[in-house]
Amino acid sequence: MDEARLMDIETKLAYQEKTIKELNDVVCRQQKEIDRLNALCNRLSKLGKAHAEVLLGMDAPANVKPPHY
């Protein structure tokens with residue numbers, strides 16, 4: 001293998017390694033964001049369920065007689 005071809009291959013390999021590292025960094029950041037959003041969704045879901053339980057425990061406004069009856 002001649003020297004120029006070997007240098008070309010090494011250059012391409014270096015660029016590929018740099019690209020792979022950059023892509024890995026992006027994937028890691030996205031995974032952290034996904035984890036954060038999942039935690040937020042779980043908290044909101046629990047909060048919504050808690051509010052629903054409170055509302056179901058109360059009489060619905062349509063079923064409550066006004067105070068003057």
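Leu 37 sits in helix H1, which spans residues 3-57 (helices are DSSP runs of H or I with at least four residues, numbered from the N terminus). This is a predicted model, where local features need pLDDT of at least 70 and side-chain atom pairs count only at pLDDT 80 or more, while totals for chains, interfaces and linings use all residues. Residues are numbered from 1 along each chain as its sequence is written, and side-chain values use heavy atoms, with hydrogens and water left out.

Leu 37 teams up with Leu 40, Leu 44 and Leu 47 in a nonpolar surface patch of about 330 Å² (patch members have over 30% relative accessible area and no salt bridge, and nonpolar side chains are joined within 5 Å). With 37% relative accessibility, Leu 37 is partly exposed (between buried, under 20%, and exposed, over 50%, using a 1.4 Å probe and protein chains only).

## Salt bridges along the helix

The whole structure has 4 salt bridges (a side-chain nitrogen of Lys or Arg within 4 Å of a carboxyl oxygen of Asp or Glu). One of them links Asp 8 and Lys 12 at 3.6 Å, N to O; the two are 4 residues apart in helix H1, about one turn.

Lys 21 pairs with Asp 25, with the closest N and O atoms 3.1 Å apart. Here Lys 21 is exposed at 55%, whereas Asp 25 is partly exposed at 30%. Then there's Glu 33 with Arg 36, at 2.8 Å between the closest N and O atoms; these sit 3 residues apart in helix H1, about one helical turn.

Technical notes. Patches are made of residues with over 30% relative accessible area and no salt bridge: like charges are joined within 9 Å, nonpolar side chains (Val, Leu, Ile, Met, Phe, Trp, Tyr) within 5 Å. Accessible areas come from the Shrake-Rupley method with a 1.4 Å probe; for residues, only the protein chains shown count as cover.
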